[in-house]
Amino acid sequence: MKKENDWFLKLLIWREKNIKEKEFILILSFVVGILSALAAYILKSLIHFIQHILTEQFSINDANYLYLVYPVIGIFLAGLYVRHIVKDDISHGVTRVLYAISQRKSRLKPHNTYTSVVASSITIGFGGSVGAEAPIVYTGAAIGSNIGSLFRMDQRVLMLMVGCGAAAGIAGIFKAPIAGLLFTLEVLMLDLTTASVMPLLISATTAATITYILNGSDAQFTFAPEPFNIERVPFVILLGIFCGFVSLYFTRVINWLESIFRKIKNRWMRFSFGAVILSLCIFLLPPLYGEGYESILHLLDGNPQALTDGSFFHAERNQFWILCIYLVLIVLFKVFATAATNGGGGVGGTFAPSLYVGCMAGFLFAFVLNHFNAIVPLSEKNFALMGMAGVMSAVMHAPLMAIFLTAELTGGFSLFLPLMITSTVAFGVIKIFEPHSIYTMRLAQKGELLTHHKDKAVLTLLKMDSVIEKDFLTVNPEMSLGEMVKVISNAHRNIFPVVDKENVFLGVVLLDDIRNIMFRPELYQRMYVRRFMVSPPAKIELGMTMEKVMKVFDDTNAWNLPVVENGHYVGFVSKSKIFNSYRRVLVHFSED
């Protein structure tokens, strides 16, 4: 082991001497692209392998009741794997990547390079109603983070490597390099600079190329768009509004359901609750089984009746209302199936479910209007495609990524204008109600979100521990003025925190307040600290975000404020210390 370490150390030294950091980052981004693409290929292959083993003997059209059992077995096995082997929470992959960027110096654990692949392949392979995209983003980001850490890159480069891995994961699993790049900008909120654009492009294009080599050059969904006429623009705008409200429902209901699952402390109760919801949803609505890409293909082919096969809602071509009710129920209950899969112990993302719901919503919108409006017929499959972009744009707060991903998934580049209109309008609608995406709202509520807003981003990167000053001499309230003067003679600060025997913070003594009496010896034994101590304008609680700390400073106009933990004195934080740290971080993360 020692020889191996010596060998690697020599390699690091050789690299530092012979390869400049900028060039080495490009090499790392290429490696990250290859490994993330292979991870995406392994994930998809495992999912398809498990699905093939389980379902090769029967068809979903025959309403085989094993389709109700398989997803439950999947979330059970995935839950056991996470609890007893991984022993770490790997759910909500994209949110955890965002948390790592803002709070963990872009460091992800080594096991994240493979554990999400295993857990999500079990969950989705057995029919869990979630997507594989969030797990592959988590995996790609972990690959980038750990490769960067292996070569001792600093935090700024690690952040870039995390973005490269995430971009490569999206590009690899969807064959969508542009969408992968835009994902890092809009969802992970990394800034596109002259230093970051090349590594991100290299990782995304490398991953897409590897996927083309392994899986062929066909798009994810075969789709032949119908010509789009400008007279349909008003309907496209209405679709955008509709998708915005569908996305609001999607976001709010999934958060509500997840909060219910979090309140259930017993894991077997959580599993049972999730299993019941998931089985009921699939029993009533068979298209909710699995990722749902087969259902998307049926709609893009203009064959919605295929969705009702094997269900209680089997519809012939002239049964308009039955099909409408069926599609509405699918849109409404896909969220329940997704939340039940993750809440019950499965591992998967909301990426594919948002695409699925968007496709159903877009098709339903055009289907209903065509039934009542014969003057301007609408292409139902075109609107299904636009719905995918609209709902994804609003749920993820990523309109550019949604536009390009939808086009790259289907080859529907001729529909760029309506895709842009739908995505923009849907995004505008949800921004009125939800300022943050489904991935970022939890972190934003805790003040742990890194954003494009430079000031807030830098404050997020600052940590309380790095600005607390502990070289203040403490005094107690029973101390005499004479004893206080002796303390002052040994101090280099003009503020003295007052604490009791248990270190509970009581107030402060300001040098300026006692300057007029400290040179009067006759008062040394008559005046005590409790008489001239004062309360500070505010106290900072340990663990408070730096954004809140700065707000307290602004509200009080103070220059120094005490830091306490459950009432006990910790230290002081000053504006000057924060400003110095702020400038250092800003310069470091703004380098091109």
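## Ser574 in strand β6

Ser574 sits in strand β6 of this predicted model. Is Ser574 buried or exposed? Its relative accessibility is 3%. The cut-off for buried is under 20%, so Ser574 counts as buried.

The side chain of Ser574 has a polar partner. It makes a polar contact with the side chain of Glu469, at 2.9 Å. Setting aside neighbours within four places in sequence, Ser574 is in contact with Glu469, Phe553, Trp559 and Asn560. Glu469 belongs to β1 (468–469). Phe553 is one of the buried residues of helix α23.

## The four-stranded sheet

β6 is part of an open sheet of 4 strands. The order is β1-β6-β5-β4, and the pairing is mixed. β1 (468–469) and β4 (540–541) stand at the edges. Each has a single partner strand, so one side of each is left without a neighbour in the sheet.

β4 and β5 (residues 560–565) run parallel, joined by 2 bridges. Within this pairing, Ile540 has Val563 in β5 as its bridge partner. Helix α23 packs on the sheet, where it touches β4, β5 and β6 (568–574). The directions of α23 and β5 make an angle of about 135 degrees.

## Helix α23

Helix α23 spans residues 546–556. Which of its residues are buried? They are Met546, Val549, Met550, Val552 and Phe553. Seen down the axis of α23, these residues fall within an arc of 155 degrees, so they line one face of the helix. The general rule behind such a pattern is simple. An α-helix has 3.6 residues a turn, so residues three or four places apart point the same way.

The face turned away from the buried side carries exposed residues, Lys551 and Asp555. After α23 comes Asn557. Its phi is positive, near 60 degrees.

Strand β2 covers residues 495–499. How many of its residues are buried? The count is 5 of 5, so β2 is largely enclosed by the rest of the structure. Both faces are covered. Ile495, Pro497 and Val499 are buried on one side, and Phe496 and Val498 are buried on the other.

β2 pairs with β3 (residues 505–510) through 5 bridges, and the two run antiparallel. Val499 has Phe505 in β3 as its bridge partner. The two strands form a hairpin with 5 residues between them. Asn503 lies in the turn and has a positive phi of about 65 degrees.

## Nonpolar cores

The largest nonpolar core holds 144 residues. Which members touch the most others? They are Phe174, Phe183, Phe351 and Met401. Helix α14 (residues 351–372) gives the most to this core, with 13 residues.

Phe183 shows what such packing looks like. Beyond its neighbours within four places in sequence, Phe183 is in contact with Val94, Val137, Ala166, Ile170, Leu188, Phe351 and Met401. Another core lies apart from the largest one.

## The whole chain

The protein chain has 592 residues, and 56% of them count as buried. There are 24 helices and 6 strands in the chain. Consider contacts between residues at least 6 apart in sequence. Of these, 75% join residues at least 24 apart.

Note on methods. Residues numbered from 1 in each chain as written. Predicted model: local features only at pLDDT ≥ 70, side-chain atom pairs only at ≥ 80, totals over all residues. Heavy atoms only, no water. Buried < 20%, exposed > 50% of the residue type's maximum accessible area, 1.4 Å probe, protein only. Arc of directions from axis to C-beta. Pairing = 2+ DSSP bridges. Contact = heavy atoms within 4.5 Å. Axes fitted to C-alpha atoms, helices over the stretch in contact; angles between N-to-C directions. Core = buried A, V, L, I, M, F, W, Y, C linked by side-chain atoms within 4.5 Å. Polar contact = N/O pair within 3.5 Å; in protein donor to acceptor, adjacent residues only side chain to side chain.
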